[in-house]
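Student: I would like to learn how to read strand pairing, a nonpolar core and salt bridges in a model. Could you take me through them in turn?

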Amino acid sequence: MLPMHGYQGFRTAPPPSGWVQLRDIWVLWWSGRQIAQVSPAKERGVRVHLDARKMWQTKDVWAASVDQGKRYAERWCAARLYPEMRLRAAVARMVDGSPGEPLPPLPGLPPTPEQLQQARRLAEAGAKELERVKEALAPMRPPAETKPRARDPQKTRVRAALLDLRRGV
């Protein structure tokens with residue numbers, strides 16, 4: 001059985017966003033779905049497949065290069081996904097590679113006590129490791145300068161007298 005349209009599989013990683021390269025094909029992801037695809041064509045340049053609207057409303061165009069196809073796809077999709085925004089701001093928002101908001105937790109059973117204990121231990125170990133790394137990366141402090149000790153005038157007299165005694169003066 002083929003997966004449904006938009007199926008994300010097991011969510012072990014956040015869905016991609018922005019441009020992602022798959023071999024020689026560039027794919028534009030937005031909100032967890034593929035909205036544009038730029039692929040090399042045998043006939044001429046590259047083929048740009050646009051799918052930012054409803055599923056049955058797609059568009060195929062040709063471009064001279066991958067960069068030109070990506071720019072066209074960004075503008076075309078941004079104009080349809082963010083009609084209320086200015087085009088430049090809409091493109092920047094759509095192409096931004098950072099995920100917008102964290103995914104909701106998957107439904108399932110509550111964690112077992114062992115899983116909670118393991119999570120706590122991992123968090124503690126991670127905190128200790130982070131402290132160790134921060135300490136190792138901290139700039140080394142130069143040694144504190146020590147002032148020369150003040151000489152006791154009495155000791156210089158005693159030293160001079162001892163030298164005189166050794167010489168036999």
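Tutor: Let us begin with exposure: a residue is buried under 20% relative accessible area, exposed over 50%, and partly exposed in between, with a 1.4 Å probe and protein chains only. This is a predicted model, in which local features need pLDDT of at least 70 and side-chain atom pairs count only at pLDDT 80 or more, while totals for chains, interfaces and linings use all residues. Residues are numbered from 1 along each chain as its sequence is written, and side-chain values use heavy atoms, with hydrogens and water left out.

Student: How many bridges join strand E2 to strand E3?

Tutor: Helices (H or I, at least four residues) and strands (E, at least two) are DSSP runs numbered from the N terminus, and two strands pair if DSSP finds at least two bridges between them. Here E2 (residues 25-30) and E3 (residues 33-40) run antiparallel and are joined by 5 bridges, with tryptophan 30 opposite arginine 33. Their hairpin has 2 residues between the strands, and serine 31 there takes a positive phi near 55°. E3 also pairs with E4 (residues 46-50) in the antiparallel sense over 5 bridges, and serine 39 has arginine 47 in E4 as its bridge partner.

Student: Which residues have the most contacts inside the largest nonpolar core?

Tutor: In soluble globular proteins, nonpolar side chains tend to be buried together. A nonpolar core is a set of buried Ala, Val, Leu, Ile, Met, Phe, Trp, Tyr and Cys residues joined through side-chain atoms within 4.5 Å. The largest one here has 20 residues, and those with the most contacts inside it are Ile35, Ala36, Val48, Leu50, Cys77, Leu81 and Met94. Helix H1 (66-81) is among the elements that give two or more residues to this core, and H1 gives the most, with 5 residues.

Student: How many salt bridges does the structure hold?

Tutor: Side chains of opposite charge can pair when their charged atoms come close; a salt bridge is a side-chain nitrogen of Lys or Arg within 4 Å of a carboxyl oxygen of Asp or Glu. The structure holds 3 salt bridges. In one of them, arginine 47 pairs with aspartate 60, the closest N and O atoms being 3.1 Å apart; arginine 47 lies in strand E4 and aspartate 60 in strand E5, so the pair ties together parts that are 13 residues apart in sequence.

Student: Is arginine 120 buried, partly exposed or exposed?

Tutor: Arginine 120 has 46% relative accessibility, so it counts as partly exposed. Glutamate 124, with which arginine 120 forms a salt bridge, is also partly exposed, at 42%.
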